[in-house]
Amino acid sequence: MANLHMQKKPPADLGLRVLRAWLQSGSPLGPLQVMGDEVGYFFQIPLPSFNPYVVFGPSANRAVLVTQRQKLLWRNTDPVTDLLRRGVLVVDGDEHDRYRQLMEPALHPAKLPAYAAMMVAQAKRVSDRWQEGEAVDLLVESRKIALLIIFQALFSEDIGPDLPQLWQPILKAIAYISPGAWILWRQMPRPSFTIPLRQLDAYLYNLIAQRRAGEPRPDMLQALIEADLSDGVIRDQMLTMLIAGHDTSTALLAWVFVLLGRHPAVLEELQAEVTQGDKSPLLDAVIKEALRLYPPIHIGNRRVAEPLELEEGSVPAGARLFYSIYLTQRDPRLWEAAHEFRPQRFLGGRQSPPFAFVPFGGGPRACIGAAFGQLEARLVLTYLLRHFTFEPLQFERIHPHMGATLEPRPGVWMRVRRRAR
Ligand code: HEM
């Protein structure tokens with residue numbers, strides 16, 4: 001096998017190719033792919049005031065996620081940290097471990113069966129409103145389902161009636177942490193966010209106050225309250241969970257619909273399989289293949305605290321470091337037909353090499369909601385595929401957009417019809 005860690009000498013016209021890829025793909029994913037293909041597992045993005053190192057591939061992933069993780073910080077200087085403040089996603093050390101421990105029981109695999117019926121009910125509730133033959137945007141519909149599920153599961157709150165009023169504030173929170181002009185101008189004033197973010201905070205603070213005054217419930221909010229945390233720190237954890245726990249699931253569900261719309265034979269086979277029984281190996285494989293091609297979290301973001309020596313190169317203290325889940329999972333050295341949708345690759349218990357498939361990260365800070373998110377995707381998709389047919393509309397326009405997650409834009413329009421039972 002060729003040396004996996006070999007770095008290539010960058011071609012002379014690399015800058016031009018990067019620019020062309022940016023224009024062609026309309027997203028930074030194009031340039032990232034060119035850098036990965038042309039330079040290798042280790043490179044630096046050369047932008048003024050924003051020049052993170054980017055690594056990918058099993059060896060670098062293992063170092064970042066496990067063996068050298070002590071040299072890295074999750075807390076960074078960016079809008080994610082500004083918004084989530086002391087949220088479990090953006091703190092380090094003992095403080096992180098304490099919050100994580102408090103929140104883990106609600107997402108433990110043993111607790112998940114208790115959410116199953118509710119997850120299906122939310123899919124039914126949202127899809128019951130679809131008119132026969134109507135065109136719906138599965139990106140929007142998936143977000144509704146995912147939001148109803150996350151609030152009910154973690155905070156025992158039915159936000160159905162409040163969804164219209166919460167919708168814009170939540171989208172604004174997501175836009176606030178998405179890549180944008182702030183990358184080049186860190187102190188950029190962003191006045192359009194003040195009011196919606198305040199509305200979202202007010203909603204969360206109200207839930208905390210109601211719970212403190214009312215009956216205890218067996219959920220994550222209760223665990224946070226009983227740990228004697230301040231309202232501010234509880235708000236930080238709730239906001240973290242609600243964003244990390246629904247925007248990711250939204251993207252995953254939406255990409256599954258994109259891929260099924262583009263592969264009608266797989267859609268047909270899948271609809272037959274989910275209708276026949278409760279277990280569908282093909283559905284599990286389709287979900288994995290969607291997570292591979294379009295990982296909702298496509299990069300992990302770190303600050304280097306101590307100099308890092310990787311097989312591929314060195315990163316100085318103080319630098320920003322990304323590990324690219326997207327490039328790893330599309331690396332032709334690891335995956336046959338790396339850019340093609342082939343769910344069969346995950347059938348029959350076939351294993352991918354260690355640290356080659358990392359849609360939920362890895363190591364001690366791997367996604368806390370991985371099992372929850374996969375169960376949710378399985379149950380929601382099973383319900384929808386059993387009850388509806390889906391006809392893609394204007395799919396040629398769909399492209400991956402780098403927001404807080406990797407999202408199919410401008411949306412996933414499909415004509416829906418009830419299936420004859
Ligand atoms: C398809 C669904 C999901 C995907 C693809 C996903 C992906 C990820 C990834 C890649 C990471 C690690 C990032 C890194 O290493 O920098 C992560 C961490 C995290 N995820 Fe998820 N996630 C999903 C669902 C969820 C759900 C449902 C929740 C909550 C209910 C959640 C909450 C979190 C939190 C709090 C962290 C930070 C954990 C820590 O630092 O200890 N995620 N997720």
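This is a predicted model: local features need pLDDT of at least 70, side-chain atom pairs count only at pLDDT 80 or more; totals for chains, interfaces and linings use all residues.
1. A polar side-chain atom of His 96 is 2.6 Å from a ligand oxygen atom, and for Arg 302 the distance between a side-chain N or O atom and an oxygen atom of the ligand is 2.8 Å.

2. The shell around the ligand holds 26 residues, of which His 96, Arg 100, Arg 302, Tyr 323 and Cys 367 come nearest. By residue class, the shell divides into 17 nonpolar, six polar and three charged residues.

3. Which elements each supply at least two residues of this shell? They are helix H5 (93–107), helix H11 (231–262) and strand S5 (299–304). The largest share, five residues, comes from H11.

4. Tyr 323, listed among the nearest residues to the ligand, belongs to strand S8, which spans residues 320–324. Is this strand mostly covered or mostly uncovered? S8 is mostly covered, with five of its five residues buried. Arg 320, Phe 322 and Ser 324 point one way from the strand, while Leu 321 and Tyr 323 point the other way.

5. Strand S8 also has strand partners. Strand S2 (residues 53–55) runs parallel to S8 and is joined to it by three bridges; here Tyr 53 has Leu 321 as its bridge partner. Strand S5 runs antiparallel to S8, with five bridges between them, and Ile 299 stands opposite Ser 324.

Terms used: Residues are numbered from 1 along each chain as its sequence is written. Side-chain values use heavy atoms; hydrogens and water are left out. A residue is near a molecule or strand if one of its heavy atoms lies within 4 Å of it. A polar contact is a pair of N or O atoms within 3.5 Å; within protein, one must be able to donate a hydrogen and the other to accept it, and residues adjacent in sequence count only if both atoms are side-chain atoms. Helices (H or I, at least four residues) and strands (E, at least two) are DSSP runs, numbered from the N terminus. Ala, Val, Leu, Ile, Met, Phe, Trp, Tyr, Cys and Pro count as nonpolar, Asp, Glu, Lys and Arg as charged, and the others, Gly among them, as polar. Buried means under 20% relative accessible area, exposed over 50%, partly exposed in between (1.4 Å probe, protein chains only). Two strands pair if DSSP finds at least two bridges between them.
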